[in-house]
Amino acid sequence: MSAMGAGPDHLFNLRNNFYLGAYQTAINNSEIANLSPENAVERDCLVFRSYIALGSYQLVISEIDESAATPLQAVKLLAMYLSTPQNKESTISSLKEWLADSTIGNNDTLRLIAGIIFMHEEDYNETLKHTHAGGTMDLYALNVQIFIKMHRAEYAEKQLRVMQQIDEDHTLTQLASAWLNLAVGGSKIQEAYLIFEDFSEKYPMTCLILNGKAVCCMQMGNFDEAETLLLEALNKDAKDPETLANLVVCSLHVGKSSSRHLSQLKLSHPEHILVKRVSSAEDNFERAVQLVA
Amino acid sequence: MASMAGPDHLFNLRNHFYLGAYQAAINNSEIPNLSQEDIVERDCLVHRAYIALGSYQLVISEIDEAAATPLQAVKLLAMYLSSPENKESTISSLREWLADPTVGNNAIIRLIAGTIFMHEEDYNEALKHTHSGGTMDLHALNVQIFIKMHRSDFAEKQLRVMQQIDEDHTLTQLASAWLNLAVGGSKIQEAYLIFQDFSEKYPMTSLILNGKAVCCMHMGNFEEAETLLLEALNKDAKDPETLANLVVCSLHVGKSSSRYLNQLKLSHPEHVLVKRAASAEDNFERALQSFA
């Protein structure tokens with residue numbers, strides 16, 4: 001019989017909490033004994049990325065100092081990028097320098113952060129330059145997201161197959177599968193719904209899971225159920241931009257006013273794609289009115 | 001037999017608000033067949049819930065000049081809290097309204113005045129507008145003010161008034177718990193039981209969890225307190241009271257409190273614990289200088 005597999009994965013629960021959007025739970029349960037130095041760095045990266053997801057950018061910036069490991073420096077860079085619009089250019093400049101440095105440029109976490117930042121910038125070609133080689137489940141999952149953003153479901157599917165070959169039951173494989181099913185649409189929506197349903201039975205409910213289920217419901221025309229799920233998500237985080245954006249859409253379909261949700265989204269996340277699209281549509285309408293006047 | 005008053009359509013909404021379930025209050029605020037008076041009260045509660053969630057600008061933008069006096073008062077609170085620059089002009093407007101005999105006696109204006117002056121730590125000014133009571137909210141605010149002034153004897157008198165009006169009212173129960181915590185000793189257990197009762201009847205909120213946790217800390221059960229506070233942090237990762245209580249609790253269980261204090265400093269630099277910590281650091285620095 002072959003030798004036993006690798007030892008227990010001490011970070012399994014921490015990763016799962018992070019992937020499924022249970023950020024505070026990830027932070028609360030991050031004190032894990034007997035971690036190797038490598039695992040300790042990964043743990044710290046997940047904790048700080050959780051703080052970033054909760055919007056605590058300054059905390060991350062202040063806690064990660066110059067002597068921290070490269071992956072942590074990369075996470076700090078993400079916090080700096082997201083913290084203020086003024087930081088973006090200098091952060092991207094630093095990022096490009098690091099990526100060009102042969103000693104650290106190939107670090108998985110650095111490549112992941114590069115992918116996230118360039119995806120925020122909507123520079124998908126630049127993103128793929130650093131992520132396409134994969135190497136970790138996080139990078140493959142990010143590639144799936146990027147290809148979906150580029151409306152290239154066929155490439156996303158190839159990435160998903162790679163993930164399924166590595167570990168079909170991995171949380172990120174399941175999530176990526178749900179994202180792709182949502183992008184493809186049609187009969188695949190039901191499959192996506194079942195994945196989120198499975199998550200909601202196995203793990204505590206999070207905004208991410210509730211929004212996933214709600215989007216599936218909307219695609220299937222069940223707007224009342226979607227609204228219930230989204231209001232439950234809003235109970236968990238009253239300012240979550242995806243919940244607010246989905247509620248704007250859902251409210252219109254159930255014949256309710258969406259103005260308050262849109263107003264909240266505009267005030268708390270003025271850079272959100274839905275806000276930009278709405279203001280663009282308003283501008284176009286104004287211009288059309290001017291022409292007719 | 002005297003005819004009973006009609007059903008209280010806003011009962012659940014008020015309860016959600018009092019117990020800190022702010023988003024639940026907002027989500028369940030579409031109530032049919034409300035009288036005009038109830039509609040104004042409903043809107044006040046909804047906008048105060050948004051204020052509690054930190055959505056000041058939403059409230060400011062939604063309440064226009066034509067809105068009823070109570071809503072204008074709520075807007076004033078949002079303006080006061082939204083930025084430090086607004087404080088002086090807001091307080092100036094508030095004083096004008098309070099001096100106006102046509103609106104100055106409105107219960108909501110007095111409540112907002114009490115809230116704002118309590119924020120300013122000007123307790124005498126707060127009491128000037130709240131002491132005559134008239135609503136459960138005002139009596140409860142009086143209890144809070146007297147506790148802040150370390151006058152639990154006066155707080156107890158206010159609580160008795162509330163108990164005479166409605167012993168089972170959520171605010172009466174809350175005020176009783178606050179007073180028990182302030183008095184301490186054997187009263188802590190009574191406060192704990194009130195929060196325990198809330199947690200069995202209603203969905204858990206940061207307010208209830210913090211209440212239970214503070215009772216636990218008073219009774220020396222720091223491990224249980226920490227568990228409750230971490231659960232509260234799961235519900236709201238930036239709640240200042242949870243972070244402040246975790247700073248204290250962590251020190252007692254022998255864990256580092258620096259991250260919680262750091263978070264509190266960054267998200268709520270005006271919090272009393274942050275100010276006290278900064279003041280203590282300054283005093284320590286000065287003491288060091290005198291020895292140097």
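Is D9(A) buried, partly exposed or exposed? With a relative accessibility of 40%, D9(A) counts as partly exposed. Please keep in mind that this is a predicted model.

**Salt bridges within the chains**

D9(A) has a partner: its side chain meets that of R15(A) in a salt bridge, at 2.7 Å from N to O. R15(A) counts as buried, at 15% relative accessibility. The pair also belongs to a network of salt bridges that links D9(A), R15(A) and E42(A).

Over all chains, a search of the whole structure finds 28 salt bridges. Here are some of them, including one that joins the two chains:

| Salt bridge | N to O distance |
|---|---|
| R15(A) and D9(A) | 2.7 Å |
| R260(A) and E62(B) | 2.8 Å |
| K128(B) and E125(B) | 3.0 Å |
| E282(A) and K266(A) | 4.0 Å |

Take E282(A) and K266(A), whose side chains meet in a salt bridge. E282(A) sits in helix 17 (residues 273-292) of chain A and K266(A) in helix 16 (residues 259-268) of chain A, so this pair ties together parts 16 residues apart in sequence. E282(A) is partly exposed, with a relative accessible area of 42%, and K266(A) is partly exposed too, at 34%.

K128(B) and E125(B) tell another story. They are 3 residues apart in helix 8 (residues 123-130) of chain B, and about one helical turn separates them. K128(B) counts as exposed, at 53% relative accessibility, whereas E125(B) is buried, at 12%.

**Where the chains meet**

How much area do chain B and chain A bury between them? The value is about 2,100 Å², with 48% of it on carbon and sulfur atoms. Q23(B), N27(B) and R259(B) supply 25% of the area that chain B buries against chain A, more than any other three residues. The contact takes in 25 residues from chain A and 25 residues from chain B.

Across this interface there are 2 salt bridges and 11 residue pairs in polar contact. On chain B, the side touching chain A draws at least two residues from each of helix 2 (22-27), helix 3 (36-52), helix 4 (56-62), helix 14 (222-235) and helix 16 (258-267). By class, that side has 9 nonpolar, 10 polar and 6 charged residues.

**A few buried residues**

S206(B) lies in helix 13 (residues 206-218) of chain B and counts as buried, at 14% relative accessibility. Beyond its neighbours within four places in sequence, S206(B) is in contact with A232(B), K235(B), D236(B), D239(B) and T242(B).

Note on methods:
Residues are numbered from 1 along each chain as its sequence is written. Chains are lettered from A and ligands numbered from 1 in the order in which they are written. This is a predicted model: local features need pLDDT of at least 70, side-chain atom pairs count only at pLDDT 80 or more; totals for chains, interfaces and linings use all residues. Side-chain values use heavy atoms; hydrogens and water are left out. Contact means heavy atoms within 4.5 Å. Buried area is the accessible area (1.4 Å probe) that two parts lose on being put together, summed over both. A polar contact is a pair of N or O atoms within 3.5 Å; within protein, one must be able to donate a hydrogen and the other to accept it, and residues adjacent in sequence count only if both atoms are side-chain atoms. Helices (H or I, at least four residues) and strands (E, at least two) are DSSP runs, numbered from the N terminus. Ala, Val, Leu, Ile, Met, Phe, Trp, Tyr, Cys and Pro count as nonpolar, Asp, Glu, Lys and Arg as charged, and the others, Gly among them, as polar. Buried means under 20% relative accessible area, exposed over 50%, partly exposed in between (1.4 Å probe, protein chains only).
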